[in-house]
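Dear colleague,

Please find the structure below, handed over for your records. A short account of the findings follows it.

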Amino acid sequence: MLPIATQLIAFWLSAKAAGASFPPESLPSSRELRFNPEKLVVLVGKNVEMSCQLQSSLNFVWYHLARSSDTYKTVSLGATLVMNSAKLEDSGDYKCIAFNPNGNQSNLTTNVDLQVLEKISFLSVVAHPSDLFVFEGYTITLTCQATTWPPIITWSWYKSTEEGSSMVGLGKELSLYRVEESGVYYCRANSTVLTIIQDEYSGNKTIHIIPKPAEMILALAAVILVLLSLLFFVPVVFWLWRQQRQATVNTPASNVKQKGIKMPFPEPAKAPKCKKQLDTPNDVIYMNYKASGELLS
């Protein structure tokens, strides 16, 4: 089988030789081309088959307009277009041109939109923090996680009990923090786009939220009280010690006796006081003295 490029060249040459426009510029109303099916939505990896139907035997060329492009590109020849293992980039508008090599009559189909959707794959529940249990009051967050998923999707949460399962929340995350919220959880991902319905469930995740023991609360309060006391009293005691030390160093010797501190040496003897007697006759001055028994040289 010849490559598609060679087939297109041969088809284009035969069309030009017959005098046809390519792609055709005018569309006669006497004929109608139809797609089968008219609407296509498939999952990634699925096979796609589109047929361009017309009663008479004509040649067909398929064109594709990708989502990220503004130009149609030739993708195949023949009345049927087959794509194995569709990819996301295969989404877009498709057209086929029917051409009669014996004349200038041709028909162009209406657009058909192919939508390739991503699968919901590897759904699981992830807990943060991931400890075996948490104390009451601390929040544990559950996240519904998937490797791939389509743009239109609904996330929901369920809790399993002995009586059955019940929905407890919507959204990609669920937060728990009360003791009564302990239990087994799983998430669900649902997507419905036209004829494609995806409904996936994760595995179970067991959550343990335990109450705080009274002894633990008291011990924690005691530790906090001791730390606060140390932070307050240690700087105060240190400041008082420095103040007392500085006062001792700066105290003069004359004030030592007043503070009751004994000096290592005796005080010097005080000299006897002289008495001055005034208003005596003839202005005679008398002095009282006591002999010490020492001679002066």
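Val223 belongs to helix α2, which spans residues 214-249; helices (H or I, at least four residues) and strands (E, at least two) are DSSP runs, numbered from the N terminus. The model is predicted, so to speak of local features requires pLDDT of at least 70, and side-chain atom pairs count only at pLDDT 80 or more, while totals for chains, interfaces and linings use all residues. Residues are numbered from 1 along each chain as its sequence is written, and side-chain values use heavy atoms, with hydrogens and water left out.

With a relative accessible area of 46%, Val223 is partly exposed (buried means under 20%, exposed over 50%, partly exposed in between; 1.4 Å probe, protein chains only). Together with Val226, Leu227, Leu230 and Val234, Val223 forms a nonpolar surface patch of about 440 Å² accessible area. Areas follow the Shrake-Rupley method with a 1.4 Å probe.

One disulfide is counted, between Cys144 and Cys187, with S to S at 2.0 Å (the criterion is cysteine sulfur atoms within 2.5 Å). The S-S torsion is about 70 degrees, so the disulfide is right-handed. Cys144 is buried at 0% relative accessible area, and Cys187 is likewise buried at 0%.

Yours sincerely

Methods: Patch = residues over 30% accessible without salt bridge, like charges linked within 9 Å, V, L, I, M, F, W, Y side chains within 5 Å. Salt bridge = Lys/Arg side-chain N within 4 Å of Asp/Glu carboxyl O.
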